[in-house]
Amino acid sequence: MSCLQRQAKLSSSEELLRCARSQRDMQVTVKLLGMEGDPDLQFLLKGGDLLKVRSSSWKKTRYYRLQEDCKTMWHESKKTFNAKQTFSLYDISAVRMGRQSEGLRKNTEEMVEGRCFTIMFKNRRKNLDLIASSEEEAKQWVSSLEKLILNLNNLSAQQKSEHWIFSCLRKADKDNDDKLSQSEMKNFLRRINIEVDDDYAEMLFQQCDKSKSGNLSGAEIQHFYDLLTHREEIDVIYGQYAKTTGFMSPENLVEFLMKEQRSKASLALAHKIIEKHEPDEHVKAKKMLSKDGFLMYMHHPEAMILNSDHSEVYQDMKQPLNHYFISSSHNTYLMEDQLKGPSSTEAYVRALLKGCRCVELDCWDGSDDEPVIYHGYTLTSKILFKDTIKTIKEYAFKTSDYPVILSLENHCSLEQQKVMAHHMSSILGDALVTTPLGHGMPTDFPSPEELKGKFLIKGKRLNKLEAIFASETAADDDDDDVTEEEESDDEDEQKEEEQSKKKKKLKLAKELSDMVIYCKSVHFNGFEDAVKNLSFYEMSSFKEGIAMKLAEESANAYIRHNEDKLSRIYPAGSRTNSSNYNPVPLWNAGCQIVALNFQTTCRDMDLNQGRFLVNGKSGYILKPDYMRDKATGFDPNTLTRGAWLKHKTLHVMVISAQQLPKLSKKKSSIVDPLVKVEVYGVPEDVAVKETNPVENNGFNPSWNESFEFEVYMPDLALVRFVVEDHDSASDNEFVGQYTLPFNSLKMGYRHVPLLSKNGDRLPSAGLFIHVMVVDVK
């Protein structure tokens with residue numbers, strides 16, 4: 001029920017006033033979104049009944065509607081209001097039409113297909129499965145939500161900031177009189193993450209209370225807002241270049257871009273920036289850029305820390321597949337830990353939407369002759385193999401067009417292996433690579449470009465690939481025994497197994513074997529053996545401990561091995577909580593498929609997200625040329641002179657932060673932020689430096705602290721900016737972070753967006769820094 005519909009039932013004038021005020025607030029937001037009179041928005045504001053589905057026996061009607069802030073969905077049970085029953089549209093990752101979710105497929109009948117839809121969330125929150133009263137209504141919900149989410153995401157950083165501050169101001173006005181008392185002002189400051197002492201609060205209040213009424217209203221609240229959002233650092237920068245009657249001319253802007261930002265600039269570009277970002281039409285007509293326009297431009301992605309050219313595919317994608325680092329997931333089916341956590345097709349959706357290009361399927365015999373996926377010999381739940389393949393097909397190429405590798409850990413009987421082969425063939429169709437590309441026996445991998453939209457199977461094969469082209473292959477195919485290479489859960493157990501040379505035998509179905517073309521799994525018997533006896537398409541999987549040891553003690557040999565072949569690394573089985581390991585040393589050794597637990601939020605996943613942030617989030621990053629050279633002398637652990645040595649000095653000044661999130665819902669809880677600047681790469685480049693903490697200010701803390709880093713291998717380096725809440729009595733608490741490749745840094749004054757633990761953008765939060773990179777001769 002909308003606010004206007006409810007007015008007839010309201011008896012108190014106080015409620016009528018509150019309702020009218022909410023309507024006015026909504027009009028401000030609607031105007032900001034550019035959706036005045038939009039029928040889709042009106043549909044969401046009115047809301048309606050939907051059937052919420054949790055299980056086959058739990059299906060209950062809930063009333064859903066959009067709140068007046070146009071960014072929060074609220075639902076009620078039997079029209080009983082509960083403020084906690086809300087979720088933010090910023091937390092939605094996708095709205096999916098039909099019975100696409102695991103929950104709807106399991107708990108509903110096919111006849112309701114057209115009435116079903118699912119709201120997927122960015123964080124670990126469970127999907128919201130819903131059924132509308134008709135197919136038309138379901139389509140209306142989906143299209144309306146998608147439109148509003150798109151409009152919200154298209155708001156500039158400045159608009160999102162204003163929207164958020166506006167909402168906090170309204171919430172702080174407890175008596176709904178459109179005025180702020182001194183106590184309400186302090187309440188507002190706490191809401192936006194600032195704690196001030198009573199003396200400062202009184203001084204600020206008196207400075208704004210021009211009418212001496214004891215309340216702030218109208219222009220006084222605007223003055224308070226201006227004081228609060230004033231950024232002295234922007235004033236200083238803008239003032240240096242606004243040399244034309246207090247505004248920036250196109251010539252002034254070109255000078256700023258070339259001198260401070262170290263970027264190519266022209267008058268034509270300056271005119272485009274003014275036309276796009278100047279909010280004042282009178283200033284724009286004079287071909288000038290105001291301070292507000294300058295700030296809006298500085299918040300735009302093209303002006304932020306990440307080189308915007310690297311947001312698209314910019315690398316050569318026609319090199320052999322093994323010449324790329326490949327975004328890879330371990331135990332992809334798990335939502336949580338690997339002992340008793342749930343398995344779900346949704347975990348594949350989330351990994352694929354994050355750009356993952358190699359997913360793992362642990363396959364076991366299931367009931368009714370249908371193979372299942374789960375973590376064997378544990379209490380993790382099971383999902384059907386065929387449902388998983390259907391889900392992978394649906395989401396494989398939504399984020400990236402480049403090939404997906406299905407890494408099979410096969411524990412199935414011959415009969416169910418044949419079922420696996422049938423499902424992959426029938427569901428994936430022509431997208432599944434089942435013969436080598438081109439004519440004749442290949443001598444190298446095809447490129448990601450050649451494999452666009454394709455699936456590769458990694459697994460065991462009964463014979464050599466060359467057998468396909470041999471005149472007689474029957475003898476090879478008669479033997480259906482292969483050595484099973486399971487991922488060992490214990491290193492000592494693996495050593496004992498190797499020492500006793502007891503190897504399990506697995507019966508392998510020819511139908512499944514024949515699907516393995518470019519990624520045949522084999523045991524690793526050392527680098528020399530690999531050179532002598534293995535073909536390019538034969539690859540090994542290494543547990544992290546063994547891989548780390550090789551990367552430390554035999555890095556150059558490992559790099560040469562990976563120049564010719566693929567290597568997959570996976571976490572130790574002792575990581576029962578699905579924790580991760582540092583992927584950087586393995587990338588330094590040229591390992592392509594460094595598989596991590598995507599379901600676990602941690603620094604290591606931040607580094608993975610940062611590594612694959614660029615090149616269009618394609619999931620493929622081209623290795624440096626000296627890691628693609630068979631005769632390379634490069635060793636990341638001993639930096640001898642060579643073409644790979646590109647010594648640079650990185651200068652970073654951490655200037656300020658804006659609108660850091662509160663970590664606790666308690667109004668009195670305010671963060672004491674500090675910033676860490678971290679460099680990851682070859683051992684010589686690894687470094688961490690941090691600012692001093694700023695007490696009781698998460699809204700607009702300022703540091704102006706400078707750091708210097710020596711970076712010898714920029715091609716392999718990552719830079720991570722981390723904001724933490726300082727605590728002298730215990731470990732600091734994570735606030736937000738942003739990681740990107742060193743070579744994707746832009747110089748000059750830059751805003752840095754901040755991501756949550758889950759890797760999602762914090763809508764209004766960010767850092768403001770200055771970066772300079774200097775070549776060292």
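W587 and F612 are both buried, where buried means under 20% relative accessible area, exposed over 50% and partly exposed in between, with a 1.4 Å probe and protein chains only. The model is predicted: local features need pLDDT of at least 70, side-chain atom pairs count only at pLDDT 80 or more, and totals for chains, interfaces and linings use all residues. Residues are numbered from 1 along each chain as its sequence is written, and side-chain values use heavy atoms, with hydrogens and water left out.

Next come the aromatic pairs. The whole structure holds 23 of them. Rings of Phe, Tyr and Trp (its six-membered ring) pair if their centres lie within 6.5 Å; planes under 30 degrees apart count as stacked, over 60 as edge-to-face and the rest as tilted. One of the pairs is F397 with F455: centres 5.2 Å apart, planes at 55°, so it is tilted. This pair links distant parts of the chain, 58 residues apart. F397 sits in the loop between α16 (385–395) and β14 (404–410), and F455 in strand β15 (residues 455–459). Helices (H or I, at least four residues) and strands (E, at least two) are DSSP runs, numbered from the N terminus. F397 is partly exposed because its relative accessibility is 22%. F455 is at 1%, so it counts as buried.

Now return to W587 and F612. Their ring centres are 6.1 Å apart and the planes stand at 80°, so this pair is edge-to-face. W587 belongs to helix α24 (residues 584–588), while F612 is in the loop between α25 (603–611) and β22 (620–622), so the pair ties together parts 25 residues apart in sequence.

Y238, Y241, F256 and F294 form one aromatic cluster. Charges also meet rings. The charged end of R125 sits over the ring of F121, 4.5 Å from its centre. For R231 the ring is that of F768, at 5.0 Å from the centre. The criterion is NZ of Lys or CZ of Arg within 6 Å of the ring centre and within 35 degrees of the ring normal.

Then the strands. β1 (residues 48–53) and β2 (residues 59–66) pair antiparallel over six bridges; pairing requires at least two bridges found by DSSP. A hairpin of five residues joins β1 to β2. D49 stands opposite Y63 in β2. β1 also runs antiparallel to strand β7 (residues 128–131), with three bridges. There, V53 has D129 as its bridge partner.
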